[in-house]
Amino acid sequence: MKTHQIKKIKWISAILCLALFFSALGAIPVGAVVNTPVVDGWTVSTSDGTNTPVFKIEKGNKVNIEVQVTDTAVPSETVQVEVVLLPCNFSVGLISPITSFTPPNPATKTFTIKLDNALYDGQDNNIKLRLIYKKSDSTILGQAVISLNIDECVKYVAPVSTPPISSSAPVEEKSTNGLILNAYAVLDGNGNAVSSITAGQTFTIAVAMLDNRIDDSAVSDIGKQITVTPYSSSFSTPLSITIDRKTPVDGKLAYTVLFRGVTYGSGEPKFYFDISYSQIDGNGMLYPMDIPLAQQTLNVGQALGDTSSKVIIPKSITTGETVISAGSKFNVTATAFNGSTSTAIPNISVALGALPEGILVSGGSSSQFIGNVGPGGNITANFELQAQATLKAGSYKITVNYTSTDTDITATQDIMVTITQPERFEISDVSVPDMVYVGMEETLEVTLLNQGKGSIYNVSGQISGDNLLNPGQKQYTGNVEAGTEDSISFSLGALSAGSINGTVTITYENDSGEIKTLTKDFSCMAEEQAIMEPDSGIYDPTLGPVEENNGMPVWAWILIVVVIAAGAAGAFWFMKKKKAKAVQLEDDDEDI
């Protein structure tokens with residue numbers, strides 16, 4: 001049997017085996033990305049089993065978080081939703097899979113995600129979750145990603161109306177390139193103005209802002225697009241921050257910020273906060289608005305005690321990058337200032353705390369000496385670091401410590417940096433047959449290689465092109481782990497003789513939840529399959545080469561040789577016998 005015929009039989013056998021296999025298991029679904037779910041709301045409660053509502057989360061707190069989600073495009077066969085916590089500023093002890101839904105309509109499902117023993121690192125309030133939709137046999141049907149910002153811990157708290165800000169309240173108007181702090185008031189629990197404060201006293205600070213840099217129409221969701229960050233060692237972190245839109249002034253943005261549950265500790269009674277803005281793109285995602293950060297200062301009444309106390313007040317700590325690739329260098333810049341209005345702080349040093357394993361100081365020192373800083377003076381330190389190439393993707397905390405020879409004066413800042421592994425995911429090979437015969441199908445195999453140190457998720461493939469018998473084929477292969485390879489196979493057939501030109505498109509999701517694609521072109525030739533008619537004399541290329549007739553067959557030559565040899569032997573025997581007879585006749589004559 002010819003080699004190409006053996007290959008055809010093996011290929012047909014493989015198809016029959018696969019057909020029997022899939023008929024028993026059912027077709028493997030394509031892992032299409034479903035629509036973005038809607039976060040209906042969330043609640044935060046204590047993790048001690050009492051489920052007491054929590055209205056403030058501080059660094060190191062453990063809480064339980066319940067998130068209510070509705071998805072209008074859940075695959076109809078979904079019976080379970082696996083929830084995976086993506087890198088963020090919370091670590092979670094337990095996330096239970098979702099196995100119950102309401103209402104029963106398979107196209108719309110509402111469910112609750114429970115995050116138990118969530119530990120908050122004190123940096124950001126964003127939580128990002130991946131939802132993986134599965135069948136009863138755990139086959140993946142699709143996935144989605146949701147993100148939420150826990151601004152006030154408990155969503156849908158009944159709004160508190162903004163108290164009036166009296167024009168007679170203490171005012172320290174300050175303009176930052178068009179941002180004007182018009183007025184503010186310090187209010188007690190009954191909404192009455194407070195003219196003086198004492199240590200341990202809790203109150204609300206209401207601030208009226210006008211931003212001449214921004215048109216009112218540019219901010220559609222004021223609660224999402226404006227971020228207010230307080231920082232002051234003399235006051236506690238507010239229990240909640242609410243931003244209320246006000247009537248525009250000449251078309252410009254006006255709003256009020258309410259800092260509720262602020263407690264005065266000690267030291268200079270100045271309350272500092274930053275204001276930043278974001279834009280919303282067409283997909284509802286936030287990204288920074290090109291407007292400088294605004295730093296504001298409030299002189300909150302007349303505090304009791306020494307207002308000239310020396311204190312280091314941290315202002316900001318940044319890396320200048322949203323994510324950092326493993327193996328690359330990055331800078332950490334920390335800023336603070338002397339909160340005293342009359343006294344200098346001697347011999348200030350700024351040093352890095354213990355760095356996470358895999359993050360090293362790249363240039364310079366881990367400690368910088370600043371020296372004496374006068375009243376209200378700024379403190380700035382910059383550190384050049386490097387994330388090692390082997391560092392796993394995730395969030396890492398970096399700490400900066402401020403110290404002085406005046407041992408009672410210290411301060412600390414933390415920042416979480418997100419490390420990602422460079423993607424080294426590629427189509428390493430596309431194997432196509434040398435020839436495809438019209439009406440028959442061969443196999444096109446795509447080899448995928450992940451040389452990176454992070455996993456690649458939800459990998460699927462599709463082929464398209466010209467003269468394809470089955471264009472648009474889609475295959476889903478799932479995840480490709482770090483340091484491994486996988487393959488996807490497609491049926492390859494031709495509509496007509498000629499060239500086949502196509503493209504393989506691979507779609508996948510990286511560690512950061514970004515959906516990306518890889519493409520690679522392929523080509524081969526197709527021929528018509530010739531069929532041998534009886535006595536037609538037409539050559540069928542599938543039957544292999546035909547031996548040429550170059551003369552008399554070998555067997556005929558052998559027969560001729562045998563006949564000649566037999567004739568020669570007979571002639572020899574005849575001549576010998578005749579000679580013997582002649583000798584006998586001569587002997588007889590002599591006897592006579």
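The paragraphs below go from the whole chain to two of its residues.

This is a predicted model, in which local features need pLDDT of at least 70 and side-chain atom pairs count only at pLDDT 80 or more, while totals for chains, interfaces and linings use all residues. Residues are numbered from 1 along each chain as its sequence is written, and side-chain values use heavy atoms, with hydrogens and water left out.

The protein chain has three helices and 36 strands; helices (H or I, at least four residues) and strands (E, at least two) are DSSP runs, numbered from the N terminus. Of its 592 residues, 37% are buried, where buried means under 20% relative accessible area, exposed over 50%, and partly exposed in between (1.4 Å probe, protein chains only). The chain exposes about 31,700 Å², and carbon and sulfur atoms supply 53% of that area; accessible areas come from the Shrake-Rupley method with a 1.4 Å probe, and for residues only the protein chains shown count as cover.

Contacts (heavy atoms within 4.5 Å) can be sorted by separation in sequence. Among those between residues at least 6 apart, 68% join residues at least 24 apart.

Thr517 lies in strand 36, residues 515-527. Leaving aside residues up to four places away in sequence, Thr517 touches Thr505, Ile506, Thr507 and Tyr508. Thr517 and Thr507 are 10 residues apart in sequence, and their C-alpha atoms are 4.4 Å apart in space.

Ile560 belongs to helix 3, residues 554-591. Ile560 is called partly exposed because its relative accessible area is 37%.
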